[in-house]
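Here are my notes on the ligand site and one of the pockets. Have the structure open as you go through them.

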Amino acid sequence: MIRYSGYLMPTAKETPSDAEVVSHRLMLRAGMIRKVASGIYNYLPAGLRVLRKVERIIREEMDRAGAQEVLMPAVVPAELWKESGRWEAYGKELLRFRDRADREFCLGPTHEEVITDLVRREVRSYRRLPLNLYQIQDKFRDEIRPRFGLMRGREFLMKDAYSFDADEEGAAESYRKMYEAYCRIFRRMGLSFRAVEADTGAIGGTFSHEFMVIADSGEDAIVSCERCAYAANVEKAECEAPDAANPAFAISVGPPRRVSTPGKRTIGEVSSFLGIDPGSLIKTLVFETDKGDVAVLVSGRYEVNEIKVKNLLGADWIRLAAEDRVRALTGAPSGYAGPVGLKMRLLADHSVRAIAVGATGANEKDAHLADVVPGRDFSPETFADLRLVAEGDGCPRCRGALRFSRGIEVGHVFRLGTKYSKTLSATYLDAGGKDRLIVMGCYGIGVGRTAAAAIEQHHDADGIIWPISIAPFETAIVPVNMKHEGLVREAERVGEELSGRGIEVLLDDREERPGIKFKDADLCGIPLRVTFGEKNFAEGFAEIRDRKTGETERVEVTRIVDRVAAAVEAKRRECAP
Ligand code: ATP
Ligand code: MG
């Protein structure tokens with residue numbers, strides 16, 4: 001049992017001005033965290049209790065899935081990152097520095113290199129595989145925009161696991177086990193989540209799922225099918241290819257006609273000026289990439305998905321060309337580019353194929369072309385899925401309608417294949433004595449972000465409503481008058497007995513008004529509160545209140561321990577995997 005009077009849980013009524021999201025505000029107000037520098041925090045006792053509970057659930061499920069816990073250093077020598085090629089590729093998120101002997105180091109933002117180095121030294125034979133190693137450790141990423149408290153910090157706790165298998169089949173099985181462990185972990189935390197197909201990004205690899213906690217404040221847009229289980233990150237979500245337009249529609253159409261469109265650049269402006277549907281405009285965007293410049297065509301109704309373009313090209317980076325580059329390549333300011341006569345690589349989204357006769361930029365300021373027939377007036381080198389899905393699009397699996405929602409990425413599982421074992425030469429000898437590359441997977445969970453996501457999903461106007469499995473305390477005990485000796489003695493006895501039964505109790509023994517104690521218990525999200533009020537106490541009663549439902553129950557003091565224990569038990573069961 002913890003006594004609030006001596007406990008560092010400094011609550012605040014005021015809403016901190018620099019906190020934009022609920023979880024950040026409430027973690028500050030509930031005295032869980034304090035900022036040290038941008039994206040860098042102190043965890044106060046109650047905040048740390050929550051993080052430790054998140055860790056414990058993760059640990060139990062990782063162990064259950066057969067993973068072994070290790071601990072790697074935060075400080076990593078540059079050589080390993082140079083070997084994998086990420087020293088150059090990772091960019092400014094990687095915090096680099098030198099030691100006194102001028103050797104280069106970085107603070108690990110993720111640990112594929114370190115773990116692969118360990119395994120290549122220790123694992124020589126197929127008999128040692130499969131192997132899954134994990135750690136729960138501080139990561140550092142010099143994020144451009146650290147924000148939302150623990151949600152996007154620069155120093156943050158992460159669970160990262162890495163699997164090593166002899167072949168793809170084994171790797172698929174390791175991935176499946178981690179996927180299942182993640183489902184159990186987030187269920188045990190009482191979170192409503194979805195596993196969505198995702199792009200593999202800077203970590204690389206072949207296949208990945210993000211675990212998203214559904215919340216309106218989430219930074220990620222998720223697409224999911226109304227009918228089947230298909231769900232994907234917007235960056236990754238596939239679009240059905242539409243039927244190609246019937247060429248008969250274009251047979252009697254004359255050559256492209258130049259029309260003057262002074263000052264009309266956007267799809268909306270051009271389509272209403274020309275009196276045509278935005279879907280018949282062929283939008284042309286110019287990108288710069290490490291594989292050269294490309295123009296990407298898409299129906300005016302849709303947006304280009306840069307990640308799909310980047311993946312199609314196999315590029316490391318992509319960006320929309322700057323104004324002067326657009327002028328140099330197309331001869332016109334941006335807003336007037338079009339594929340007809342354009343001398344550069346042309347890629348087209350499938351949606352362009354559905355346009356029989358369209359309009360597009362004339363590569364000339366204040367002019368567009370009408371009566372443009374794809375295939376006749378220009379031919380892209382390829383048609384591919386290059387656009388962002390739109391609400392109501394057909395599901396690529398079952399043709400049901402796709403819907404958008406927002407989510408917070410709390411976990412990420414990757415099939416890495418041999419990306420790291422190849423660059424770092426992590427091999428093993430198979431049964432025939434042949435050298436083979438180890439097949440890897442990696443699996444992350446943000447500990448602090450998960451706690452923050454739980455608050456985003458579980459709060460009300462009065463504060464946090466923790467799922468009991470990750471609450472800092474399971475029960476608050478509030479004696480309303482600390483001067484009333486008999487009442488205080490009874491509250492303490494009940495607290496001690498509950499602790500003796502393995503229930504985590506915060507006894508609010510502060511010399512504060514009852515209103516303040518109630519408000520703080522609500523703010524800190526303690527699932528149950530037992531109130532020892534003077535009037536009830538005189539009649540031999542105390543009151544139990546449920547933080548989530550607000551329901552109260554008057555119970556004889558003699559029965560209160562059993563009653564609270566039963567209520568805690570019921571709440572724990574709600575968080576069963
Ligand atoms: P994001 O797209 O949000 O930057 P990421 O794809 O970079 O995330 P991973 O590299 O997959 O993240 O890291 C694994 C997990 O670590 C994430 O799922 C998330 O829960 C957590 N995480 C990543 N970056 C941060 C951060 N800056 N602060 C807190 N947690 C983070
Ligand atoms: Mg990131």
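1. β9 (155-165) and β22 (402-417) each give at least two residues to the shell around ligand 1, and β22 has the largest share, with four. Strands here are DSSP E runs of at least two residues and helices are H or I runs of at least four, numbered from the N terminus.

2. A quick caveat: this is a predicted model, where local features need pLDDT of at least 70, side-chain atom pairs count only at pLDDT 80 or more, and totals for chains, interfaces and linings use all residues. Residues are numbered from 1 along each chain as its sequence is written, chains are lettered from A and ligands numbered from 1 in the order in which they are written, and side-chain values use heavy atoms, with hydrogens and water left out.

3. In total, 15 residues surround ligand 1, with Glu143, Arg152, Gly153, Glu409 and Val410 the closest; to count, a residue needs a heavy atom within 4 Å.

4. Ligand oxygens sit 2.9 Å from a side-chain N or O of arginine 141, 2.9 Å from a side-chain N or O of arginine 449, and 2.9 Å from a backbone N or O of valine 410.

5. Now the second largest pocket: which residues lie nearest its centre? They are Arg265, Thr284, Leu285, Ser334 and Gly335, out of 22 lining residues. A pocket is an open set of points on a 1 Å grid over the protein atoms alone, where a 1.4 Å probe fits, with protein on both sides within 12 Å along at least five of seven lines; lining residues have an atom within 4 Å of a point. β15 gives the largest share of this lining, six residues.

Note on methods: Polar contact = N/O pair within 3.5 Å; in protein donor to acceptor, adjacent residues only side chain to side chain.
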